[in-house]
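Dear colleague,

I am handing over the structure below, and my notes on what was found in it follow. Please read them with the structure open beside you.

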Amino acid sequence: MILTDIIHLLPDNIANQIAAGEVIQRPGSAVKELLENAVDAGSDEIKLIISDAGKALVQVIDNGKGMSETDARMAFERHATSKISNIDDLFRIKTMGFRGEALASIAAVAQVELKSKRDEDPSGTYIEIENSKVKLQEPVAANRGTSIAMKNLFFNVPARRNFLKSNTAELRHIIDEFIRVAMAFPDIFFSMQSNGQEVFHLEKGSLKQRIVQILGNNYNAKLVSVQEQTDYLNIMGFVGKPETAKKTRGDQYIFVNNRFIKSAYLNHAIMNAFADLIPKDSFPMYALFIDLDPAQLDINVHPTKQEIKFEDDKIVYAFVHSAVKHALAQFSITPTLDFELDSSIQSLDAINKPMTEEQRASTASSSLFKAFSQKNQAHLIERSSGGNELKHWKDFYESPADKKQNDNFSSSTTSSLHKESDHEYSLMQLHNSYIIVQKGSGFILVNQQNAHERVLYERYAKAVEGKPIATQQSLFPVTIELTSGDSIVLQELLSDMQDLGYQIELFGLNTFVIQGTPADVLNGNEKGAIENILEQYKHFSSDLKFTKREKLLRSMAIQNAIKTGTTLTQKEMQGLVQDLLACEISNATPTGRPTYMNFDKGEIDRMFGR
Ligand code: ADP
Ligand code: MG
């Protein structure tokens, strides 16, 4: 019996490349790792240099403690770390890194040049590495500190290189990572240069100054300090005053032991504290730092993941909730002090709040609830293909005599809501959200916001395909100052936005002048309109499927659509319904939400036993 053994060991460089995939997924991951190493090295000046959105170069230069000749070489070995030496250290870990994987991973998937020098050494060390192999090591004249340059990420893993997103998207990730580190260490100077242009220059200062430097001057004098110290944990940081809340989630940061984390749970605690102070659909700014004994954290959660497990997350929830409420109350933003931080009963109450919400949600999704509401199928969308749907629409809308007239609508691209109309159906608005339209064999229920989103989207799509929307020149051009990140995004969108009626010019580093907007943007609201579009756009920015133009169209449609809760006149309702009818795809928003639902009279009759 001859059997050939089939198991063999992977060559080191391939094993390293595979392992690297977990740590280095994109240029932004390298930015995070290199910045964290620089922080761990005790630097007080850290510079990040990027070219081609990090695809060509990510370089971090620090003035930290540097590495010896041997350490500089060792640092690139897998599991090489100076930060822990035994298992107990894991429960005391205070540094950002400790697994000794980052540099090994970078060296496996890019070309690396390192220069490092310690105070006590006469000269520094220069090393070049490629495919995990040291190609050159020699002494070099250098200042104290370390510079690590990662070049041509994934040059040896083409499949992964092809998987990288557009420069805008990758730069966005880099800026996110940069901000997450820079915000946590205001006593370190940080700068960031992208393609030779300085995009951040963050002088050392207080946390408040750092937040304003990063998130923009709008927050100056609009931050409320949060500060609570307990035996179990400390919370400090800032929340934005309620008036700074935005329509989309954006400026929200939670750090645990100075590490940025994502936590829907703690976000809920904060949102809850803001509950009656801001509109339901808006998001407050926050940058909160929670410090607690590392033994209270589950360190087995992979450090490159931003989720975190607390030993006791209900306590943390209650503290965060109380601390924010307390802060808002102290600044007499909330009228009453309805809790006491150290009252255990009240914090129990806070603990219980998310539970009741969850219970509510689970009730809504329970099979009993569903069985009840689905039983008669009245609310189900008729799922036919787009073309059929359109025909369907016309079927109940058009008597044959109407046909000609409606064909005119189909070619109309003019503004909808105030359009005069010969069609006088009587429409009814429900809850300022829905329009009910009777038809021969039943009725349809139109969601006004979704419908308008679809209408605007198609109008904008036509605009960028050669039927530009007219610009109304502003009498008094407005200037708008953005953060560096937003400024980069906006610059990329300027030419498409011009077709959509926005005439905006770059004016200085991060300042723009709005020379004109489409006619339907309210005078005085130009700035807000553009900020909102950017917020919305950033929401889509990590989405692989769409081009930047597509994302812009979607963002603008979402942003400018009439909202649920808006009262519409008969004319406005008719205009909207007709415009929807004229859409190429009338039954769903660009993101796939239904625009209307069809209720058949026969089915309704049956439900009533008739
Ligand atoms: P970890 O940070 O988890 O220890 P890394 O692979 O990121 O692992 O780094 C390996 C080691 O290299 C670190 O433990 C540290 O000793 C050293 N090192 C990395 N970057 C720097 C730096 N900028 N300055 C000084 N030492 C560094
Ligand atoms: Mg590290």
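**The ligand and its surroundings**

In this model, which is predicted, ligand 1 is surrounded by 18 residues, and the closest of them are N37, T81, S82, K83 and G100. Sorted by class, this shell consists of seven nonpolar, seven polar and four charged residues.

Two of the closest residues, S82 and K83, also come up when individual atoms are considered: a polar side-chain atom of S82 lies 2.5 Å from an oxygen atom of ligand 1, while an N or O atom in the side chain of K83 is 2.6 Å from an oxygen atom of the ligand. For D62, the ligand atom concerned is a nitrogen, which is 2.8 Å from an N or O atom in the side chain of D62. Of the 530 Å² of accessible area that ligand 1 has on its own, the protein covers 93%.

**Aromatic pairs**

In one of them, the rings of F178 and F190 have their centres 5.9 Å apart and their planes at 85 degrees, which is over 60 degrees, so the pair counts as edge-to-face. This pair links distant parts of the chain, since F178 belongs to helix 6 (residues 167-184) and F190, twelve residues apart from it, to strand 7 (residues 189-194). Both F178 and F190 are buried.

Elsewhere in my notes there is a cluster, in which ring pairs link Y253, F255, F260 and F289.

Terms used: Residues numbered from 1 in each chain as written. Chains lettered and ligands numbered in written order. Predicted model: local features only at pLDDT ≥ 70, side-chain atom pairs only at ≥ 80, totals over all residues. Heavy atoms only, no water. Near = heavy atom within 4 Å. Polar contact = N/O pair within 3.5 Å; in protein donor to acceptor, adjacent residues only side chain to side chain. Areas by Shrake-Rupley, 256 points an atom, 1.4 Å probe, with all protein chains shown as cover. Nonpolar A, V, L, I, M, F, W, Y, C, P; charged D, E, K, R; others polar. Phe/Tyr/Trp six-rings, centres within 6.5 Å; stacked < 30°, edge-to-face > 60°. Helix = DSSP H or I, 4+ residues; strand = E, 2+ residues; numbered from the N terminus. Buried < 20%, exposed > 50% of the residue type's maximum accessible area, 1.4 Å probe, protein only.
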